[in-house]
Amino acid sequence: MAPVSLPRSFLNQYDEPFGFMDFAAIGAMSIPARRRLSELSEAMSGREGKLIPLVMGEIETASRLAAELIGTSPERVAIIPNTSTGLFSVAFGLPPGSVVVPETEFAANLYPWVRAGDSGRIEPRMIEVPGGRLTADLVARAVDGSTVAVTVSHVDYRTGYRCDLEAIREAAGEALVVVDAVQALGAVRFSMEVADVVVSGGHKWLRAGGGVGLMAVSDRALERLSPTLVGWPGVVDPFDTGTPIPHAPIESSRRFAIGSPPFTSVAALRGSLEALGAASMEEVEARVIARSRAVEEEARRAGAELVCPRRSDSERSGIVSFRPAGEPSAETYRRLTADGFAVTERDGLLRVAPYATTHGDAPRSLGEVLRARKRIT
């Protein structure tokens with residue numbers, strides 16, 4: 001396979017260490033994210049005058065860039081503090097009915113549905129996912145006339161398996177498709193055409209740090225979701241204190257604002273989205289897949305057991321998880337960290353998550369550490 005090249009203008013926006021391959025946990029912030037955060041923090045001193053226009057300008061720019069990334073219009077995008085905020089807004093805004101939820105989801109995509117179920121608003125319908133492979137047929141078996149939504153992660157946080165959202169959308173029928181894209185956006189291509197709601201924090205592959213994320217909502221989702229958790233900034237004339245509340249919700253995704261926006265951290269999201277725009281997502285995804293495939297090959301060479309082996313690149317993401325050979329995962333993790341590698345160890349697995357800017361020699365060097373244990377036993 002021919003080497004995947006990226007524009008120098010893109011590569012120059014990032015400076016993570018050689019062994020940093022932990023983007024599925026908290027991604028190393030981009031240079032523009034750190035710079036914009038610093039600049040806005042300084043501006044928030046008040047020396048430049050009134051702050052509301054400054055902050056709103058950052059939000060408008062970040063919304064526009066986010067809309068370009070996922071293929072929708074800016075009025076369909078809301079800037080939110082984190083993934084959970086968006087998912088809770090959906091869970092408590094749905095009409096009564098069942099919601100199909102894979103049991104393998106990360107807790108951020110479980111608690112909203114469980115809490116809404118406990119309140120009597122919906123019925124969470126958990127489905128098993130054998131081998132960690134979420135497929136459309138599993139969703140189709142759980143969908144019936146009572147189903148109001150299907151919620152999935154585009155990329156599984158544990159295995160890195162990337163599901164076929166187009167097929168899942170078809171299997172969902174008339175139900176809304178709600179996508180947790182936190183392990184996908186910034187690493188692999190995503191189109192709003194396959195979802196009714198997409199939510200993502202900015203702290204992983206978008207490389208914007210914590211406290212900020214995005215939510216986008218389709219027209220039919222706007223029609224169906226009640227403004228149950230809409231707060232003061234999500235309504236018409238929010239500063240009109242003379243008219244009794246509640247005011248009417250804004251006729252856009254901005255209605256899902258529960259409280260004040262993330263004033264400062266939105267600058268980091270803007271900076272990272274601007275950096276990401278220096279290359280096409282096709283180019284970024286190709287490099288991410290090349291790096292994750294290289295990690296996968298090194299793990300195989302070291303005798304590791306891959307979790308949910310990929311059958312094609314369409315199932316790949318930036319995450320590779322495996323059980324190391326010859327020693328407990330905690331010991332392998334210790335040796336890797338001692339050699340300067342940043343990865344995640346959990347439940348007997350190692351999760352390695354390289355990005356498009358990960359050095360081409362990093363997977364090979366990681367493989368050498370993995371194989372070192374075998375040479376001394």
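By class, four nonpolar, three polar and two charged residues make up the lining of the largest cavity (Ala, Val, Leu, Ile, Met, Phe, Trp, Tyr, Cys and Pro count as nonpolar, Asp, Glu, Lys and Arg as charged, and the others, Gly among them, as polar). Before going further: this is a predicted model, where local features need pLDDT of at least 70 and side-chain atom pairs count only at pLDDT 80 or more, while totals for chains, interfaces and linings use all residues. Residues are numbered from 1 along each chain as its sequence is written, and side-chain values use heavy atoms, with hydrogens and water left out.

Back to that cavity. Its lining consists of Thr104, Glu105, Val129, Gly132, Leu134, Ser153, Asp156, Tyr161 and Cys163, and its volume is about 70 Å³. A cavity here is a set of points on a 1 Å grid over the protein atoms alone where a 1.4 Å probe fits but cannot get out, and lining residues have an atom within 4 Å of a point. Points are joined across faces, edges and corners, and the volume is the space filled by probe spheres set on them. The structure holds five cavities of 30 Å³ or more.

Five of its five residues are buried, so E6 is largely enclosed by the rest of the structure; buried means under 20% relative accessible area with a 1.4 Å probe, protein chains only. In a regular strand the side chains alternate between the two faces of the sheet. Here Val197, Val199 and Gly201 sit on one side, with Val198 and Ser200 on the other. E6 runs parallel to E5 (residues 176-180) through three bridges, with Val178 partnered by Val197. Five bridges tie E6 to antiparallel E7 (residues 213-217), where Ser200 partners Leu214. Pairing takes at least two DSSP bridges between two strands.

Finally, the nonpolar cores: sets of buried Ala, Val, Leu, Ile, Met, Phe, Trp, Tyr and Cys residues joined through side-chain atoms within 4.5 Å. The largest has 71 residues, and Phe10, Phe190, Leu276, Val284 and Tyr355 have the most contacts inside it. Helix H3 (residues 52-70) gives the most to this core, with eight residues. A second, separate core of 24 residues includes Val99, Val101, Leu176 and Val217.

How values were computed: On a 1 Å grid over the protein atoms alone, a cavity is a set of points where a 1.4 Å probe fits but cannot get out, and a pocket is an open set with protein on both sides within 12 Å along at least five of seven lines; lining residues have an atom within 4 Å of a point. Buried means under 20% relative accessible area, exposed over 50%, partly exposed in between (1.4 Å probe, protein chains only). Helices (H or I, at least four residues) and strands (E, at least two) are DSSP runs, numbered from the N terminus.
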